[in-house]
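Trainee: I am new to this structure. Could we look at it together, one topic at a time?

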Amino acid sequence: MKDNKKSADFIISILLICLSAFLYMTANKMPSATKGIGPGDYPKFICLILFVLGVVQLISVIISSKGIPLIDFKRINVKYLVRALIMVVMTFVYYKLMKGVGYLLTTPIYLFASFMLFGYKKKVKGAVIAVIFTVCIYLLFTKVFMVFLPRGILG
């Protein structure tokens, strides 16, 4: 069991490092503020923290493995791997559609699809949770943080 956990930790740390580096580069393309904190500064800060945590986890796994193979390709569950790949594709599509379609329309669909992909059985409850979460985050960002999320076809 510990070998499976180490394998998962190893793979997740590599993915976290890659994802945080990609998102940091993407955040660099955001406009910068002439004074104070710009819209890209917070995402870059979070990406930097995720990168450091990924490196720390990777180093920890390598040190603790003591010669144990970190990835046992014979024991990889293809079903879970396919789900993870579908989630990556869904996230990419969500990212690409958000600017044109808007946050308020794409986010509940993305969340609901994610719930269903990972086996949540209560469809009505999942849809309600996705909508409530989306509206709450939208209001938090637009009213409290004064960060305007993409409005897309609604704006």
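Predicted model: local features only at pLDDT ≥ 70, side-chain atom pairs only at ≥ 80, totals over all residues.

Mentor: Residues are numbered from 1 along each chain as its sequence is written, and side-chain values use heavy atoms, with hydrogens and water left out.

Trainee: Leaving aside neighbours within four places in sequence, which residues is Met90 in contact with?

Mentor: Contact means heavy atoms within 4.5 Å. With neighbours within four places in sequence set aside, the partners of Met90 are Tyr110, Ala113, Ser114 and Leu117.

Trainee: Does Ser20 count as buried or exposed, and why?

Mentor: Buried means under 20% relative accessible area, exposed over 50%, and partly exposed in between (1.4 Å probe, protein chains only). Ser20 has 2% relative accessibility, so Ser20 counts as buried.

Trainee: Which residues is Ser20 in contact with, leaving aside neighbours within four places in sequence?

Mentor: Ser20 lies in helix 1, residues 2-28; helices are DSSP runs (H or I, at least four residues), numbered from the N terminus. Apart from neighbours within four places in sequence, Ser20 has as its contacts Cys47, Leu50 and Phe51.

Trainee: What separates the C-alpha atoms of Ile132 and Pro108?

Mentor: Ile132 is in helix 5, and its 49% relative accessibility is why Ile132 counts as partly exposed. Pro108 and Ile132 are 24 residues apart along the chain, and their C-alpha atoms are separated by 8.5 Å.

Notes. Helix = DSSP H or I, 4+ residues; strand = E, 2+ residues; numbered from the N terminus.
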